[in-house]
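Dear colleague,

Please find below the structure that I am handing over to you. My notes on it follow directly after.

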Amino acid sequence: MTRWNLPQPMQRALAAARAAACAGEVPIGAVIVKDGQIIAEAHNTPRIDHDPTAHAEIRAIRAAAKALQDERLTGCELWVTLEPCAMCAGAIAHARIARLYYAASDPKGGAVEHGARVFDQPQCLHRPEVYSGIGEAEAAALLRDFFRDRR
């Protein structure tokens, strides 16, 4: 799938990831959709905010919960450019997000199909539907270029 064939939420997540890179942050973007409408979007800001929890997914979840005035994001979709880490996967489960779409896999830090595999654990009380690889080439290129330029 080329950038122009990608679903609108992933295009927006990739745009947020590019904004993160321009700000000197690891280029990861996230978008939350409810009933076909984007209700929140964010990018990584741990360095800017001096906050190790300021991942794109966490920031988008917080914004969506505030917009909906509910800690449960039932019926929502999360679109993110990189496989979520264990912290973000835990937040996704606690928020009761219905579907997770992510672009690039993360064998080192991911916790959905790699590492902790949070949603496969018996302690996980909610498991979203998971779809991976949507926009993978562009998301992976953003990350590769970002880290190459810093070496």
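This is a predicted model: local features need pLDDT of at least 70, side-chain atom pairs count only at pLDDT 80 or more; totals for chains, interfaces and linings use all residues.

The side chain of Glu25 reaches the backbone nitrogen of Ile48 at 2.7 Å, and a polar atom of that side chain lies 2.9 Å from the backbone nitrogen of Arg47. Glu25 is found in the loop between helix 1 (8-22) and strand 1 (29-34); helices (H or I, at least four residues) and strands (E, at least two) are DSSP runs, numbered from the N terminus. Glu25 is buried (under 20% relative accessible area, with exposed being over 50% and partly exposed in between; 1.4 Å probe, protein chains only).

Residues are numbered from 1 along each chain as its sequence is written, and side-chain values use heavy atoms, with hydrogens and water left out.

A search of the whole structure finds six salt bridges. One of them joins the side chains of Glu138 and Arg18 (2.6 Å, N to O). Glu138 lies in helix 5 and Arg18 in helix 1, so this pair ties together parts that are 120 residues apart in sequence. Arg18 is partly exposed, at 27% relative accessible area.

Asp145, Arg148 and Asp149 are linked in a network of salt bridges. The side chains of Asp145 and Arg148 meet at 3.0 Å, while the closest N and O atoms of Asp149 and Arg148 are 3.2 Å apart.

With kind regards

Methods: Lys and Arg count as positive and Asp and Glu as negative; His and the chain ends are not counted. A salt bridge is a side-chain nitrogen of Lys or Arg within 4 Å of a carboxyl oxygen of Asp or Glu. A polar contact is a pair of N or O atoms within 3.5 Å; within protein, one must be able to donate a hydrogen and the other to accept it, and residues adjacent in sequence count only if both atoms are side-chain atoms.
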